[in-house]
Amino acid sequence: MVREIQTLSLSHNRIHLIWLKAHVGYLGNESADQLVKEAIKKGDPFLLSKPLSYLKSEIQSAALSIWQDNWDNGETGRSTHDIVPRVSKKPVGIE
């Protein structure tokens, strides 16, 4: 679903996904709230129920898990794996 959304947003330059805190005076927020309520009633499959930051965090966590699994079970880099057994976004040597 994330890839489909990304593809749609890249191919339609007028589509922008952002998360706004509710009820803080953003222009059009009330209209957006109404559209969300209507989408919920219709069961819209593209409705994001969590903030984008949460979704990014979940995707990053899943990607790191897959990366770790590939690193643990791969056939190459075994001597390096003995030195650096855990994958991380941080450069090696930084805790």
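Student: Which helix is glutamine 68 found in?
Tutor: Glutamine 68 is in helix H3, which covers residues 52-73. Keep in mind that this is a predicted model.

Student: Is glutamine 68 buried or exposed?
Tutor: Glutamine 68 is buried. Its relative accessible area is 6%, and buried means under 20%.

Student: What does glutamine 68 touch, leaving out residues up to four places away in sequence?
Tutor: With those left out, glutamine 68 touches Pro85, Arg86 and Val87.

Student: Which backbone atom does the side chain of glutamine 68 reach?
Tutor: The side chain reaches the backbone nitrogen of valine 87, at 2.7 Å.

Student: New topic. Where does tryptophan 19 lie?
Tutor: Tryptophan 19 sits in a loop. That loop runs between helix H1 (2-11) and helix H2 (29-42).

Student: Buried or exposed, that tryptophan 19?
Tutor: Tryptophan 19 counts as exposed because its relative accessible area is 52%, and the cut-off for exposed is over 50%.

Student: What does tryptophan 19 touch, not counting residues up to four places away in sequence?
Tutor: On that count, tryptophan 19 touches Pro51 and Leu52.

Student: How many residues apart along the chain are tryptophan 19 and proline 51?
Tutor: They are 32 residues apart along the chain. Their C-alpha atoms are separated by 5.7 Å.

Methods: Residues are numbered from 1 along each chain as its sequence is written. This is a predicted model: local features need pLDDT of at least 70, side-chain atom pairs count only at pLDDT 80 or more; totals for chains, interfaces and linings use all residues. Side-chain values use heavy atoms; hydrogens and water are left out. Helices (H or I, at least four residues) and strands (E, at least two) are DSSP runs, numbered from the N terminus. Buried means under 20% relative accessible area, exposed over 50%, partly exposed in between (1.4 Å probe, protein chains only). Contact means heavy atoms within 4.5 Å. A polar contact is a pair of N or O atoms within 3.5 Å; within protein, one must be able to donate a hydrogen and the other to accept it, and residues adjacent in sequence count only if both atoms are side-chain atoms.
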